[in-house]
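Here are my notes on the model you passed along, jotted down point by point. Have the structure open while you read.

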Amino acid sequence: MERSRIETFIYKLSHWISRIHDLILGVDFEKRNDEWNGHRYPYEPTVHLSYRNLKKYIYQLYKDGQTLNVMDIGCGKEKMLFVFSNLPVASVAGLEYVEVLADTARRNIDLLSEKGKIKVPIDVIYGDAEIYNYYDKYNIFYLYNPFDEILMERFIDILNGSISKHPRTIRIIYCNFFYEKVLFDNGFNLETEFYYKTRVYIKN
Ligand SMILES: C[S@@+](CC[C@H](N)C(=O)[O-])C[C@H]1O[C@@H](n2cnc3c(N)ncnc32)[C@H](O)[C@@H]1O
């Protein structure tokens, strides 16, 4: 089998594993929402393929003595919030533009909390990264393809305002890093890269 077909196969397999995982947890992270909202991309959860390396990366930061306050920009149904809440982080939050997704995220949190599956409390905010302006608490941002270059510029512009007010090291974990140029243009440097299609950018 040629490489791209193997990759497609692994990618599809990963989605099937995610479906089984959903069934075990009693949630529905996998079902997509194909609604486009202008510059905002529709809901699709991060694939399982990324988890192992992401977890390793977060554990390394923790071992290095970092206090991590994480926000998922475009958190959808809270799949990655759930993942982060089981890692050594101080706080976890998600921002979501689609109200029905934010509501689903909150329901999933309640359900998983009841089952004792959430270690760090999670905050879900219904809002738009184009105008949302309360990032001061956070130093790690997770983005899985939430929006296009125009909104990426807007988000980074607002984040830069927060960094000027409260200087701190910021890391952006960006899966499917289509618009990384916006990050480089704004003083971020590539810190590391891992499978699946994930890059981490840092600004000191
Ligand atoms: C590809 S999904 C990723 C979902 C989740 N982060 C994950 O990895 O499983 C992108 C999400 O970003 C949300 N989104 C798009 N534009 C947004 C914006 N301007 N502000 C907040 N959320 C946004 C979408 O509604 C969608 O749920």
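1. One cut-off before we start: I call two N or O atoms a polar contact when they lie within 3.5 Å of each other. Glutamate 96 gives an example, with an N or O atom of its side chain 2.6 Å from an oxygen atom of the ligand. Keep in mind that this is a predicted model.

2. Aspartate 72 puts a polar side-chain atom 2.9 Å from a nitrogen atom of the ligand. Glycine 74 works through its backbone instead, where an N or O atom lies 2.7 Å from a nitrogen atom of the ligand. As for cover, the ligand taken alone exposes 600 Å², and the protein buries 99% of that.

3. Which residues come nearest to the ligand? There are 26 residues around it, and the nearest are Thr46, Gly74, Glu96, Asp128 and Ala129.

4. On to the rings. Searching the whole structure turns up 15 aromatic pairs. One of them joins phenylalanine 84 and tyrosine 142, with 5.7 Å centre to centre and 65° between the planes, which is edge-to-face. This pair links distant parts of the chain: phenylalanine 84 belongs to helix H3 (residues 79-84) and tyrosine 142 to strand E4 (residues 140-144), 58 residues apart.

5. Are the two partners buried or exposed? Phenylalanine 84 counts as buried because its relative accessibility is 0%. Tyrosine 142 is buried too, with a relative accessible area of 2%.

6. A second pair worth a look is tyrosine 135 with phenylalanine 155. Their ring centres are 5.5 Å apart and their planes meet at 85°, so this pair is edge-to-face. Tyrosine 135 sits in the loop between strand E3 (122-126) and E4, while phenylalanine 155 is in helix H5 (residues 149-165), so the pair ties together parts 20 residues apart in sequence. Tyrosine 135 is buried at 0% relative accessible area, and phenylalanine 155 is buried at 0% relative accessibility.

7. Tyr135 and Phe155 belong to one aromatic cluster with Tyr132, Tyr134, Tyr138, Phe141 and Phe147.

8. The charged end of arginine 19 sits over the ring of tryptophan 16, 4.7 Å from the ring centre. Arginine 40 has its charged end over the ring of tyrosine 97, 4.3 Å from the centre.

9. Next, strand E5 (residues 170-175). How many of its six residues are buried? The count is six of six, so the strand is mostly covered. In a regular strand the side chains alternate between the two faces of the sheet. In E5, Ile170, Ile172 and Tyr174 point one way and Arg171, Ile173 and Cys175 the other way, and all are buried.

10. E5 also has a partner: E4 pairs with E5 in the parallel sense over five bridges. Within this part of the model, isoleucine 140 stands opposite arginine 171 in E5.

11. Last one: asparagine 33. Where is it placed? Asparagine 33 lies in the loop between helix H1 (3-25) and helix H2 (51-63).

Definitions and conventions. Residues are numbered from 1 along each chain as its sequence is written. This is a predicted model: local features need pLDDT of at least 70, side-chain atom pairs count only at pLDDT 80 or more; totals for chains, interfaces and linings use all residues. Side-chain values use heavy atoms; hydrogens and water are left out. Rings of Phe, Tyr and Trp (its six-membered ring) pair if their centres lie within 6.5 Å; planes under 30 degrees apart count as stacked, over 60 as edge-to-face and the rest as tilted. Helices (H or I, at least four residues) and strands (E, at least two) are DSSP runs, numbered from the N terminus. Buried means under 20% relative accessible area, exposed over 50%, partly exposed in between (1.4 Å probe, protein chains only). A charge sits over a ring if NZ of Lys or CZ of Arg is within 6 Å of the ring centre and within 35 degrees of the ring normal. A residue is near a molecule or strand if one of its heavy atoms lies within 4 Å of it. A polar contact is a pair of N or O atoms within 3.5 Å; within protein, one must be able to donate a hydrogen and the other to accept it, and residues adjacent in sequence count only if both atoms are side-chain atoms. Accessible areas come from the Shrake-Rupley method with a 1.4 Å probe; for residues, only the protein chains shown count as cover. Two strands pair if DSSP finds at least two bridges between them.
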